[in-house]
Amino acid sequence: MATPFIAGLAIATAAMAGKYGIQAWQSFKARPPRPRSRRFYEGGFQPTMTRREAALILGVRESVAADKVKEAHRRVMVANHPDAGGSDYLASKINEAKDIMLRKTKNSGSAF
């Protein structure tokens, strides 16, 4: 007599667990994606830009070839160009970072 009752209880428990499992999976799939890593420099600017800060702004290593610096500068500048809605200040900082990485700067400092 108890065997059909226990079997029914087990089936009901399995059905409830399945229902909650499906709901949990759907809510997991519906959550917004989180970036795995931060790709951009999120800090403020130092009074005089260092080579480390310039590398962080451009997203390259401190010891990188000149062609990679130019490629990174182009990529970052396209995203932040003043003609495309970007900031003049950020554009000047990006240009300053390129100059420092290519060692073209004489008297470091932006126009702002």
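Helix axes are lines fitted to C-alpha atoms, for helices over the stretch in contact, and the angles between N-to-C directions run from 0 to 180 degrees. Keep that in mind for this predicted model, where local features need pLDDT of at least 70, side-chain atom pairs count only at pLDDT 80 or more, and totals for chains, interfaces and linings use all residues. Residues are numbered from 1 along each chain as its sequence is written, and side-chain values use heavy atoms, with hydrogens and water left out.

**The overall picture**

- The protein chain has four helices and zero strands; helices (H or I, at least four residues) and strands (E, at least two) are DSSP runs, numbered from the N terminus.
- Of the 112 residues of the protein chain, 19% count as buried; buried means under 20% relative accessible area, exposed over 50%, and partly exposed in between (1.4 Å probe, protein chains only).
- Among contacts (heavy atoms within 4.5 Å) in the protein chain with a separation of 6 or more, 45% come from residues 24 or more positions apart.

**How H3 and H4 pack**

- Helix H3 (residues 66-80) and H4 pack with their axes 10 Å apart, at an angle of about 180 degrees.
- That makes H3 roughly antiparallel to H4, going by a scale on which angles under 35 degrees count as roughly parallel, over 145 as roughly antiparallel, 65 to 115 as roughly perpendicular and the rest as oblique.
- From H3, the residues Val-69, His-73, Val-76, Met-77 and Asn-80 meet Leu-90, Ala-91, Ile-94, Asn-95, Lys-98 and Met-101 of H4.
- By class, this contact of H3 with H4 has seven nonpolar, three polar and one charged residues; Ala, Val, Leu, Ile, Met, Phe, Trp, Tyr, Cys and Pro count as nonpolar, Asp, Glu, Lys and Arg as charged, and the others, Gly among them, as polar.

- His-73 is found in helix H3 and counts as buried, at 11% relative accessibility.
- Leaving aside neighbours within four places in sequence, His-73 is in contact with Leu-58, Ile-94, Asn-95 and Lys-98.
- Ile-94 is found in helix H4 and is buried too, with a relative accessible area of 4%.
- With neighbours within four places in sequence again left aside, Ile-94 is in contact with Ile-57, Leu-58, His-73, Val-76, Met-77 and Asn-80.

- The buried residues of H2 are Glu-53, Ala-54, Ala-55, Ile-57 and Leu-58, and they pack against H3 and H4.
- After H2 comes Gly-59, whose phi is positive, near 75 degrees.

**Aromatic rings**

- A pair of aromatic rings is described by the distance of the centres and the angle of the planes.
- The structure holds two aromatic pairs.
- In one of them, the rings of Phe-45 and Tyr-89 have centres 5.6 Å apart and planes at 70 degrees, so the pair is edge-to-face.
- This pair links distant parts of the chain, 44 residues apart: Phe-45 lies in the loop between helix H1 (2-30) and helix H2 (51-58), and Tyr-89 in helix H4 (residues 88-101).
- The cut-offs are these: rings of Phe, Tyr and Trp (its six-membered ring) pair if their centres lie within 6.5 Å, and planes under 30 degrees apart count as stacked, over 60 as edge-to-face and the rest as tilted.
- Phe-45 is partly exposed, with a relative accessible area of 29%, and Tyr-89 is partly exposed, at 32%.
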